[in-house]
Protein chains: 2
Amino acid sequence: MSALENQLSDRANALKPSAIRAMAKQAGMPGVVSFAAGAPSASQFPFEALRGATDAILSDPLRRAEALQYGASEGYLPLREFVADQLGSPEWPISPDDVLITSGSQQALEFVGKTFINEGDRVIACSPTYVGALQAFGLFEPEFVAIPLNDSGLDLAALEAELKAGAKFFYVMPDHGNPNGTMLTLAQRKAILSLARQYEIPIIEDQAYDQLQLSGERLPTLLELDRASDAAAPIVSYLGTFSKSLTPGLRVGWIITAQPIIAKLVSIKQASDLNSGMLNQMIVNDVARDIMVSHGTKLRAFYKGQRDAMLNALKAHMPDTVSWTKPKGGMFVWLTLPAGMDAGALLQTAFEQERVIFVPGASFHSDGSGVNTLRLSYSLPSTQQIADGIAGLARVIRSLSAG
Amino acid sequence: MSALENQLSDRANALKPSAIRAMAKQAGMPGVVSFAAGAPSASQFPFEALRGATDAILSDPLRRAEALQYGASEGYLPLREFVADQLGSPEWPISPDDVLITSGSQQALEFVGKTFINEGDRVIACSPTYVGALQAFGLFEPEFVAIPLNDSGLDLAALEAELKAGAKFFYVMPDHGNPNGTMLTLAQRKAILSLARQYEIPIIEDQAYDQLQLSGERLPTLLELDRASDAAAPIVSYLGTFSKSLTPGLRVGWIITAQPIIAKLVSIKQASDLNSGMLNQMIVNDVARDIMVSHGTKLRAFYKGQRDAMLNALKAHMPDTVSWTKPKGGMFVWLTLPAGMDAGALLQTAFEQERVIFVPGASFHSDGSGVNTLRLSYSLPSTQQIADGIAGLARVIRSLSAG
C-alpha cells in the first residue's frame with residue numbers, strides 16, 4: 001500500500017462507492033429506460049430566462065465585478081432576502097440573517113453534520129430516507145437510528161422512544177420525500193414538533209421538493225409550525241434548494257436556522273469553500289424573482305403528467321404481490337416487491353432482459369433493510385418510455401416470482 | 001441556551017470568527033486603503049472572454065442542458081483533461097483520472113482534511129502559513145506542528161525532526177505562498193521531497209499562485225519532481241485553482257493525487273456537495289483553453305507593477321527597525337515589526353489615524369506566534385494608494401516606536 005493510502009482517515013476508509021453512481025454508465029446506454037436518476041428533467045429548465053439574466057449581469061460593469069469576485073460566506077444578500085421573504089410570514093417574519101446560502105442542499109446537509117455531529121452521536125432519520133443525507137451525515141461517523149416511514153406515515157411511538165433516549169437531531173422530509181414520496185399529515189407534523197420540543201431535540205427539515213406538490217392540499221411545513229408558535233427559540237432548521245425548482249447546475253440551496261447557528265455556519269462555510277459562486281447566486285436571485293410563480297405552475301403540470309403515467313402503468317401491469325406509494329408530489333414512487341425478492345438481483349435481470357434500471361431500496365436504509373424495495377423516478381423518461389419500462393419491469397417480476 | 005446551541009459538535013464549538021472577515025467592514029469604507037484583502041484585482045478579470053464563453057454555452061441546445069444539470073462528482077472531463085495536460089509532461093503524463101475538480105482550492109484543502117485527518121492526528125505546516133488551510137484542516141481537529149519559514153526558506157532540520165516523529169501530511173506552498181511570499185529554492189524542494197519519501201509522509205502542495213510568478217526563474221513544483229522521479233508511487237498531492245488566474249467568482253479549483261485517493265475524493269465530493277456547478281466548469285474550460293497564455297502575460301505585468309510600487313514605498317518610508325520579504329510572485333509582502341510591537345494594536349491605530357488596514361500576522365501561525373508580523377496585500381489598491389498607504393503606515397510605526 002502506498003504512503004498516501006496508509007494515511008487515510010477512518011472516515012475515508014469507511015467510504016463506499018455509491019450504488020446510484022454505479023448505475024450512471026447503464027443509464028447513458030442507448031435504449032435503456034432509466035427510472036434510477038434523481039435528477040430533474042432538463043426539458044423543464046428555464047433556459048431563456050437563465051441566459052437572459054446571466055448576460056444582463058455579465059454586461060453590467062458593476063454587477064459583473066461583483067459576480068466574479070469572492071463574496072460573503074453567508075451568501076448574496078438579495079438572495080437571502082428573497083428566501084426569507086418567501087418562507088416567512090407577516091406574523092413571524094424570517095430575517096435574511098437566519099439564512100445561509102449553500103452549494104445545493106447537499107452542502108447544507110453536510111454542514112448540518114459538521115455543526116452537530118461528534119463521532120458516535122445518535123442521529124435519528126426515517127427508514128427509508130434520502131441516501132445523500134446518510135452520506136453527508138456519515139462523514140462525521142454518527143450512530144444512525146431508523147424510524148419506520150411508510151405510505152401511512154411515520155411511526156410516532158418509535159420516534160418518541162428514540163427522542164427520549166437522546167440524539168443530536170431528527171432528520172425528516174415531510175413533503176414528497178426522497179425516496180418514497182410520503183407526505184406527512186398535519187397531525188403527524190404537529191406531533192413531531194411537540195415531541196421534539198418536549199425532548200429538546202432539534203429537527204432538520206429537508207424540503208427539496210417544495211415546488212413540486214402535484215395534487216392534494218398543501219400543508220404547513222415544520223418551519224412554519226415552529227416559527228408560528230415560538231419564533232424566539234426555534235427548534236427547526238430548514239433546508240431548501242433551487243435544484244428542483246429552477247436548475248441543479250448552478251448549485252444553489254440554503255439553510256434557515258437560529259442566528260447563533262448561522263454564525264457557526266458562516267465559519268464552517270468559510271473553512272469549507274469560502275463562499276458559493278456569486279455569479280450563480282445572482283442568476284438564481286434574478287430568475288427566481290422574475291419567473292418562479294409562472295415557472296412553478298408549468299413545472300407541476302409536467303411532473304403531474306409524468307407521475308400519472310407511472311401510476312397508471314403500475315396499475316395496469318404489476319402483479320397483486322407488488323405494492324407502491326401514490327405520491328402527492330416530488331419525483332419518486334417507492335415499490336415493495338414480494339417478501340424475499342431481492343431488488344438488487346431484480347435490477348440485474350431487468351437491465352439484461354428489458355433494459356430497465358432503477359435504484360434498489362437497501363441504500364436508503366441506514367440499517368441495510370429494505371432488500372425487497374426499490375425507487376422508481378418518473379422524472380427523465382418520456383411517458384411512452386414510462387409505460388413500456390414499467391410493463392417490462394412487471395414482466396421480469398412475474399417471471400422471477402414464477403421461478 | 002437554546003436546544004439548537006446545546007447540540008453543537010466539538011468542532012463547531014471550537015470555531016472562532018475569522019480575523020480577516022472581521023475587517024471586511026472597514027475595507028468597504030470610503031477613503032480606506034486596504035492592504036488586507038486576499039482577493040485578486042477585479043480590474044484584471046477577463047470579462048469579455050467570460051461573457052462570450054457563457055453565452056455560447058447557454059445558446060447551444062446540447063451544451064446548455066449539460067451545463068444546467070447535475071454532473072459527475074469528479075468534475076467535467078474536458079476540464080480535467082486540460083488540467084492534466086497543463087501539469088503533466090510527455091515523460092510523465094498526468095491522467096485526467098488523477099484530477100478531481102473542487103469548488104476553489106479552499107474546498108480541496110477541506111477535502112484533504114476529510115481524507116486524511118482523524119482527531120488528534122499530527123499535521124505539519126509552515127509558520128506562517130495560509131490561514132484558510134489552518135481553518136480547513138482545523139475542522140478535523142488535528143494537532144498542528146509548525147515549521148519556521150522565512151525569506152531564506154524552510155527550517156529543514158525542524159522539518160526532518162517532525163517528519164521522523166510522524167504526521168498525516170506536510171502542507172506547503174513552495175511558490176509565493178500566502179502570507180509571506182516565500183519561494184523555496186530548488187535544493188530545498190529536493191530536500192523536502194527526499195525527506196517525505198524517507199519518512200513516508202505525504203506532501204500537500206498548494207500552488208494557488210502558479211500564474212503569478214513576477215520575476216526570477218521558474219522552479220519545478222514538488223509535483224513535477226515527484227512524478228519525474230517516481231510516477232508509480234506519488235507522494236505529492238497538488239492543489240490548484242483558477243481563482244487567481246481567471247476569476248474566483250466561478251469557484252473552480254482542483255486536486256491532483258494518486259488514483260486510489262481520487263476514488264475516495266469522489267465519494268467525499270458526492271457526500272459534500274454532489275458536484276461543482278457544470279456551467280462554471282464549462283466556462284472555465286473554454287476560457288482557459290482560449291486565453292490563459294495571453295491573459296497570464298497581462299496579469300503578471302499588472303501585479304509586477306503593484307508589487308514594485310509596494311516594495312519601492314516600503315524602501316522609501318519604513319524605519320530601519322522594520323524588515324519585509326521581497327516576493328518573486330503572488331500578492332503579498334510580509335512585514336516584521338520591531339520586537340515587542342503588537343500588529344493588532346498597530347492595526348487599530350493605523351485605521352484610526354491613517355485609514356490603512358492590513359492583516360495582523362498571528363492568525364497565520366498555528367501556535368499564535370508572530371504577534372509582531374503582518375501581511376500586506378498589493379492586489380487591490382492603486383499604485384498611488386499603495387504609496388500613500390505605506391507612507392501612512394510608516395508614520396504610525398514611527399510614532400508607536402517613539403512612544
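Two residues are in contact if their C-beta atoms, placed from the backbone, lie within 7 Å of each other. This is a predicted model, in which local features need pLDDT of at least 70, side-chain atom pairs count only at pLDDT 80 or more, and totals for chains, interfaces and linings use all residues. Residues are numbered from 1 along each chain as its sequence is written, while chains are lettered from A and ligands numbered from 1 in the order in which they are written.

**View 1. The contact between chain A and chain B.** Chain A contributes 72 residues to the contact and chain B contributes 72 residues. On the side of chain A that touches chain B, two or more residues come from each of α1 (3-6), α2 (10-14), α4 (47-59), α5 (61-67), α7 (104-116), α8 (131-138), α12 (259-273) and α13 (278-317) of chain A. Helices (H or I, at least four residues) and strands (E, at least two) are DSSP runs, numbered from the N terminus.

**View 2. α12(A) and the residue classes of the chain A side.** With nine residues, α12(A) gives the most to the side of chain A that touches chain B. That side comprises 34 nonpolar, 24 polar and 14 charged residues; Ala, Val, Leu, Ile, Met, Phe, Trp, Tyr, Cys and Pro count as nonpolar, Asp, Glu, Lys and Arg as charged, and the others, Gly among them, as polar.

**View 3. The two domains assigned in chain A.** Domain 1 of chain A covers 3-46 + 293-402, and domain 2 covers 71-290, with bounds from an automatic or database domain assignment. Their centres, taken over C-alpha atoms, are separated by 24 Å.

**View 4. The side of domain 1 of chain A that touches domain 2 of chain A.** Here 30 residues of domain 1 are in contact with 32 residues of domain 2. α13 and β11 (332-336) of chain A each supply at least two residues of the domain 1 side, and the largest share, six residues, comes from α13(A).
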